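Trainee: I would like to go through this model and test each label against its definition. Can we start once it is on screen?

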Amino acid sequence: MTGGGSRRSVISRRLLLRGAGGVTLGLPFLPSVQSRAFAAEPSFARQPRFVAFATHHGGIRETNMFPAAEMIRERSTLVPGHLIGRGPLTRTVEGTDAYLSPVLRASASLLTERLVSKMNVLRGLDIPFYIGHHSGGHLGNYARNDGNGTDGRQAQGSPMPTIDQIMAWSPSFYRDLAGIKERVMVSGLSGGLSYNWSNPGARSGTIQEIRPETSSLALFNRIFVPPGSSGPPPRRPIVDRVLEDYRLLRNTNRRLSAADRQRLDDHLAHLAELQRRLVAASPGPGTQSCAAVRRPTEDSGRTPEPRRRLQLMADVVAAAFMCGTSRVAVLGAYDQFVPAPEEWHGLAHNWFNTGPQQLLSNSYRVFFQSVFLDLAQKLDVEESPGVTFLDNTLMAWTQESGMQTHDSVTIPVITAGSAAGFLATGMYCDYRNSQMNFVWAGREGRDPMFHGLTWNRWLGTVLQAMGIPRAEYERPGVPGYGQPLIGPDHKGKYAGGIIESASEVLPFLKA
Amino acid sequence: VLGACATDTDPANDDSCLGGFIQRFGERALRRPLAPAELAFYRDLYAPSTGIDPAGLTDVVAALLLSPSFVYLVEHGAEPVAGRPAASLSPFELAARLSYHFWQTMPDRELFEAARTGALRTADGYRAQVDRLFGDARTQATIDQFFQDTFKLADLPRLDQRNADPLFKAFAGNDLPGAALHTAMADEVLALLRHHTWDTPGSFTDLLSTDLSFARAPELTRLYGLPPYQPGSPPPAFAAGTRPGLLTRAAFLVSGTASTRPIMKGVFVRHTVLCDEIPPPPNNAAATPPPVDARLTTRQQVEALTEVPGSACQGCHANLINPIGFATEGFDALGRSRTEQRFFDERGQPLGQAPVDTRSVPRIDPPDGSAASGPADLVRLILRSGKAEACFARHYFRFTFARWEDLTADGCTLERLRAALESGGSLRSMLKEVAMDPSFRERIFE
């Protein structure tokens, strides 16, 4: 049996299968699982949501990315030899703009005090080895890197599911799948962000990329059904019969290679998930917000402008949250925000020069204002008395690299929302340990960089904020989430106890 | 879809009408006759319907198109192969493998009948079908796909992105690229490969050493200084040895900037032409490039950056990567022939020029310290090493079997393909003869 490879025929067969899934759209859809105010509900009723925004490259000078040092008002010792700090996130208004930093700048009507109070800016989170170019690190699959260095090449040997998929298949996160049409909405302008087992339910097979949906309209159609199309299907869905067909082949007494059996198992699992989606929705009224959702007339797949394309996808994410048809979204952007995207590689590698740095910083500012804040504002509407959809969500924007492209020390993390009350917000947190200056050979004269806390701890914090117990995602002896690799250049750079404490929620963040 | 039996007024024939359809359509979709149990399965799926019901037919068609036997090329094998965990393919499996390999689609009626009648089991019958499939135009489209994948022709960058940059404008002069130039370059390579595969079947050596030009777009032929190639007429030729073979064609020389990229050219040859593994650069190797003098040639800049004695970069760059790229520095970043590199400032003002140096020790086989004075020598050393034929055979193996090779289990097949190229056999013959290899007709079950 042949199902992979680069042959076009194979790809088109996959597309065919996806297209056949579209049959589900004609079946009855009952949209809403109403979220409740976290304040009024016992903890088990929390239904936090997660949106991951990921942009590639990085290369933003820390002085451009982060607020001024004066915003840090409080210092405390995390472990002996490692001082961390925090302060209230405060915007400065300048004309019609407001800003937290040169990159985190937007129209004052967008970057409002209210929104700033729901954000966090986290500085000092490191992937503690040389990962080089990557797209998998954002959400925990460090193996998806380009092998630009020896550390990254080593990491390629241990692929892992990403945290969005951990959520998607966690019984603690989706306690009730009724109404959930998509466990995760993987979308955006670039892929390589979301990964899972080929058989997610059984956690078996190979780690595979979940390819993004690039058409906002297609994504919408997977989540919603046009009004008036509900009602009993004229015939029983055929998915169960197709499943039976696979089982017959899977359990045949004729020869099948082990790889073929695995592939059939994977396919069976995907069909089972399709069947779940077919029967998941049950009749019931939508929320008030959902009732306002209309089928979009504009499609990101036919829109050339990257900002607009991402906004259209984010609109579907907001709509799905409001209708309760999904609670997780991953949105990726590549290099579409610089004036000439084909120049990005050269720009990023010259981040330390004034011209390229201005272009890079400006591109990220555009992303922040046009995409990140755009969705935050759309979600900041009341879901239940006194609580907005944004409050029940954790939006997190991460970059591929820190200040120096390829390098993963101090990867910026910008968040909005409290994950249904799990997280404290309105803070600028600086986790860097300024007592341990980190300088690559030959980098003299550049901005100093400092080790902070590990990315595994950030990923674990997100999972805990989503209500997933550590026992579900941690592996024995590996605190937090992700590979425990520490690169040779990073060994000895973290104070005692920092690596070991990655199981815990990041300092200052627990509400 | 069903024929007249579905539209006539006689309900008595509806059942046989439906059964006939499932059998015919199922046989096409699953690429083999349906077993009685399968026929019953799809009949049952239709069952809520009575008579001729479009909804029921929709379900049957959808189920067949979602069947694992349609979605995948399922192979159970027929007779076991003695001494190995393998089995020969059944005639219908073999027909599907042949058809999907050469045509990337399901078997046609004739091939299907050859499987049904058993002709495909005979040596003559099989050979006849291989000849027929290979001679069909659909195979040429498939082989085009192979060439495009192997030589990464779809990855060519657009070349007009810097047209507004004064430096690039000054560099390009009257040859400022249009939006389609990169496509014309890819087309030229494909035309060269097609010519030596189909029009005038040549050897692998011909691919790497031919002086013929297959460039058709005036924008490209102007860069070459040759008239356009007219299919059906003899191709124009470069002066002997000045631009030998594939590796000196613009598609493999351009960078999209005003500067050539010897490192990328070297890596391309190592990876794609020689199938060599190059270890990853040391961590953060690219982080801190030292400033270089704008009046140094690209080669001198690359040497200054990567060949510093004692540096971690030097080992690979000085020996394995850069020398191969240096050998084609006699062509600029638009693929034009040159003996000197011209320098410009950011405003496009000329700063001067310096001669380019194409001499190097490419170490195609690392112990081999033979010197090359330029592209002709580079090609000669590549061909002398035998590595390119082995690499090309490896690419074709991956394309054929849609998997990575196992150097132990697949060693004999790889060697047969390589030997077919090395002995001066035609490229075309090798591309076809893979179907005659025993491994093509069997399946390993582990």
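Trainee: Which helices each supply at least two residues of the lining of the second largest pocket?

Mentor: Helix 7 (239-250) of chain A does, together with helix 2 (36-46), helix 4 (68-71) and helix 5 (91-102) of chain B. Helices (H or I, at least four residues) and strands (E, at least two) are DSSP runs, numbered from the N terminus. Note that this is a predicted model, where local features need pLDDT of at least 70 and side-chain atom pairs pLDDT 80 or more, while totals for chains, interfaces and linings use all residues. Residues are numbered from 1 along each chain as its sequence is written, chains are lettered from A and ligands numbered from 1 in the order written, and side-chain values use heavy atoms, without hydrogens and water.

Trainee: What makes a space a pocket and not a cavity?

Mentor: On a 1 Å grid over the protein atoms alone, a cavity is a set of points where a 1.4 Å probe fits but cannot get out; a pocket is an open set with protein on both sides within 12 Å along at least five of seven lines. Lining residues have an atom within 4 Å of a point. The second largest pocket holds about 670 Å³ of space. It has 28 lining residues, and R254(A), R32(B), E38(B), S69(B) and H76(B) are the closest to its centre.

Trainee: How many residues of each class are in that lining?

Mentor: The lining has 14 nonpolar, six polar and eight charged residues. Ala, Val, Leu, Ile, Met, Phe, Trp, Tyr, Cys and Pro count as nonpolar, Asp, Glu, Lys and Arg as charged, and the others, Gly among them, as polar.

Trainee: Why is H57(A) called buried?

Mentor: Buried means under 20% relative accessible area, exposed over 50%, partly exposed in between (1.4 Å probe, protein chains only). H57(A) has 3% relative accessibility, so H57(A) counts as buried. This residue sits in the loop between strand 1 and helix 2 (62-65) of chain A.

Trainee: What makes strand 12 of chain A mostly covered?

Mentor: Six of its six residues, 328-333, are buried. V328(A), V330(A) and G332(A) cover one side; A329(A), L331(A) and A333(A) are buried on the other.

Trainee: How do you know that strand 1 of chain A pairs with strand 12 of chain A?

Mentor: Two strands pair if DSSP finds at least two bridges between them. Strand 1 (residues 49-55) and strand 12 have six bridges, in the parallel sense. One example is A54(A), whose bridge partner is G332(A). Strand 9 (residues 185-188) of chain A also runs parallel to strand 12, with four bridges.

Trainee: Why is the pair W455(A) and W458(A) called tilted?

Mentor: Rings of Phe, Tyr and Trp (its six-membered ring) pair if their centres lie within 6.5 Å; planes under 30 degrees apart count as stacked, over 60 as edge-to-face and the rest as tilted. Here the centres are 6.3 Å apart and the planes at 55°, so the pair is tilted. Both residues lie in helix 13 (residues 455-465) of chain A, three residues apart.

Trainee: What makes F146(B) and F392(B) edge-to-face?

Mentor: Their ring planes stand at 70° and the centres are 5.5 Å apart, so the pair is edge-to-face.

Conventions
Grid points are joined across faces, edges and corners, and a volume is the space filled by probe spheres set on the points.
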